[in-house]
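Here's a quick tour for anyone meeting this protein for the first time. Take a look at the sequence and the fold, then read on.

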Amino acid sequence: MLIVLFFSLASLTIISQEANERFIITGTVRDADTHTPLQFITVTLQDIVTQEIIGDITTKDGYFEIKTPKGKYYCIVGSLSFKPFIIQTLNVNQDIGLGIIELDQNIVNLDEVELITETKLLDYKFGKKVYNASKDIANIGGNAITVLENTPTVRVDGQGNIYIRGKKAVVLVNGKPYGGLKNNGDILSLIPANSISKVEIIYQSANFDAESGGGILNLLLKKKVNEGYNGTIEVHGGTPGNDGISTFINYKNEKINIFSTASFNHSVIYKDTDINQIFLDENQNTTGNFEELRDDYRQRNSVLFNVGSDFYLDDKNTITTSLLYSTTNKNYDSKLFLNDFKPIDNLVKTSIRHVADNSDESYLETYINYTRKFKKKGHQLTAHLNYNKNTAINNTFILNSETFPANDTYKQKYIKDEYVDNYFLQFDYVYPFDNNAKLELGQKSSFRIYENDFTIGNFNNISQQYEPITAYTDNVNYNEKVYAFYASFSRELKKISYKFGLRTELSYTEIIKDNQQDVFINNYNDLFPSLSLSYNINDDSALMLYYSRNINRPQVFQLNPFNSFTDERFIIIGNPYLRPSYSNLITLEYYSKFEKINLNAALFYNNTTDNILEVLEKTDNQTIDGFDVYQRLPINNGNLNQLGFELILTYFPINKLRLNASVTPFLNSLTNTRENQYDYDDFRWYTQLSANYRFNNTFRMKIDYAYQSALKTAITEFDVYQYTNITASKDLIDGKATLTFKIQDVFNDRIGVYNSLEANTISKRVTVFQTRYLLSFSYRFNKASKRNSYNRSKDIDNNIFEIKDKTN
């Protein structure tokens, strides 16, 4: 039905639209004193009627080229270091060569200059959207998680899980997987925001791993494209503890491009949680009450270093390498004030549980890429080899102090050592045809080796030793192999673009538990088709249709039988029998740009089978005081259907103000669960609003607001979740430095309220976060290489100007 709708709309539009002819404006910019070409000069055309702005930046030879429709334009050529060259009215009805434009140097007070351009934060391309993260002041002083929180259509929850339109997304860094144990906030928070240039929001295609049902987020790190060196140094401090320093340095010449990032961060998070639970029997009679007041203090110190290089062997062969190393020390202290009551046994217990969770984690990644370009434009072969290793050594000490009915203490300790090695080998081949079509072929091999040693022990006061608890002591090894092959064909016509592909993945997983006494093996082979269609209604509007089949493989922590023992009453475990879930996603999307509004609307439907759901179960175990022990684990449970709509609006009411809105309402329906006890239908929606106001060219302010409606399933309910952030930014030292102040959760309403009724247990959990304040200072330096004079000379045709002006 959607396909019919797509082609119907396309056909109607073809009849009503004429081809919009575009003309090319070219020229060369030079220094009036030295007559040498000027790089990074901005050339802007503003439509006199619609006020729409397009432009270009000059190359190292001072050359620019702009494609624009017929019309009358206000043209300005210049930068803050030179007096602008202005054409009041430029009549465009043919290709125009402006020839050589020479600019005089000028010393400019930034506060006195009023620029007319407005940076776009979101660009639209076939198959993806691009968020220009480095242009958003809300990211200053943050990390990759900060950037993703500010990315339209993306939502990050309190556990660091990343979603697009309600489904988990796959995060890549420069097109490759990042992180070993988990692809979540702990890993991504190590990347400083000032090293990220853009975020690509990519629709699934055969070229990418099929494990991306929610979509793909590709973080592009900064890498200079022009010769010379540049860099950024950023220092930030905040409260509660959020201090650090980061640097980005890049140098490029004709043969090599070297880029490096280094950072140190110290952070502290305070979190207060109030948990109330009522235990019921089969007849729904109360069998006990439990209350937990929990104070969390989470301190983390991290260091990251990354260095990479592009070696230009010649104009057709390039080798790219990178090395990244990070180390993190975590000190998580939790105090749990516990009150237990069992009316049947008249058993009352009041105690304090102090948990000192200390971890040392390290991450090492090496990467090499070879690109071979052939004679025909776009014809190339690339080979990638990537290895990363993640190590986490965790020691947790637990002191239980009973205050009633007796004063008694006992100690526990658990050790969790995790090691994971990932290997990736990939080949990609692109062959372009003469009719704007191309064939893409590729193969990828992935290997993962994971080991976890887990031991829990009670302290023996007589022997002064921790004695292992057999039921919670084990060694787990996990091996995963995935062999993937893909082929795709795409073609771009004047109005219509399309791409279809097929990917096959051969998967093998093995879990060895307790020194090979238990072995769980799962082999499965799958096909994953994908289709993309795009119709360009005109230069400013497009209609797109996407389809893909995807897989969601269980993560290592979901398979690991032992995960967390912080709360002895409610433990978190994995499920080695967990199977992958599969989904089919179809999206119909429309984009249009008007005089003052940019609009993006999408209708999407996602069907997931063998959905992975976390459930709470009562075990047969009890604490040493006779209280029941519960466990939370993931299981395959039912089919999930999601039908929703997404609307993204950007509005420019005046030149100084940009308003953004992203609204995503959708219906979740879970069916065919175990004994239908988890079936539900729920309507929910997410909203992101922002206002960016530019007082002048050096002072900007941004307000961000995020809202999540109440979420309700058959057994759980999350209350409304919302927060507001304010950021103010001031440029200093002639634009070379920026001072930024940010308040996160201004009104201190970032409160999570969770209610559940499962396993005959009524639970209410309230989590409160503290307002955070951050002050950041960044300094940018840039030195371009010397350039030869550009020999091209061409007179300006005076007939194309109504008025020509070279201002003071």
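## Two nonpolar cores

A nonpolar core is a set of buried Ala, Val, Leu, Ile, Met, Phe, Trp, Tyr and Cys residues joined through side-chain atoms within 4.5 Å. This is a predicted model, and its largest nonpolar core has 25 residues. The members that touch the most other members are L148, I162, L188, I196, V199, L217 and L219. At least two core residues come from each of α2 (144-149), β10 (154-156), β11 (162-164), β13 (170-173), β15 (196-202) and β16 (216-221). Helix α2 gives the largest share, with four residues.

Let's zoom in on L219. Leaving out residues up to four places away in sequence, L219 touches A144, L148, V171, L172, V173, N174, I196, K198 and V199. Apart from this core there's another one, made of 24 residues, including F570, V629, L640 and Y680.

## A three-stranded sheet

Now for a sheet. Three strands form an open sheet in the order β31-β35-β34, and the pairing is mixed. At the edges sit β31 (570-572) and β34 (612-622), each pairing on one side only. From one strand to the next, the twist averages 30°.

Strands β31 and β35 (residues 628-636) run parallel and are joined by three bridges. Within this pairing, I571 stands opposite Q631 in β35.

## A threonine in a loop

Last stop: T698, found in the loop between β38 (680-696) and β39 (699-708). Is T698 buried or exposed? T698 has a relative accessible area of 2%, so it counts as buried. The T698 side chain also makes a polar contact with the side chain of K730, at 2.8 Å.

How values were computed. Residues are numbered from 1 along each chain as its sequence is written. This is a predicted model: local features need pLDDT of at least 70, side-chain atom pairs count only at pLDDT 80 or more; totals for chains, interfaces and linings use all residues. Side-chain values use heavy atoms; hydrogens and water are left out. Buried means under 20% relative accessible area, exposed over 50%, partly exposed in between (1.4 Å probe, protein chains only). Contact means heavy atoms within 4.5 Å. A polar contact is a pair of N or O atoms within 3.5 Å; within protein, one must be able to donate a hydrogen and the other to accept it, and residues adjacent in sequence count only if both atoms are side-chain atoms. Two strands pair if DSSP finds at least two bridges between them. Axes are lines fitted to C-alpha atoms, for helices over the stretch in contact, and angles run from 0 to 180 degrees between N-to-C directions.
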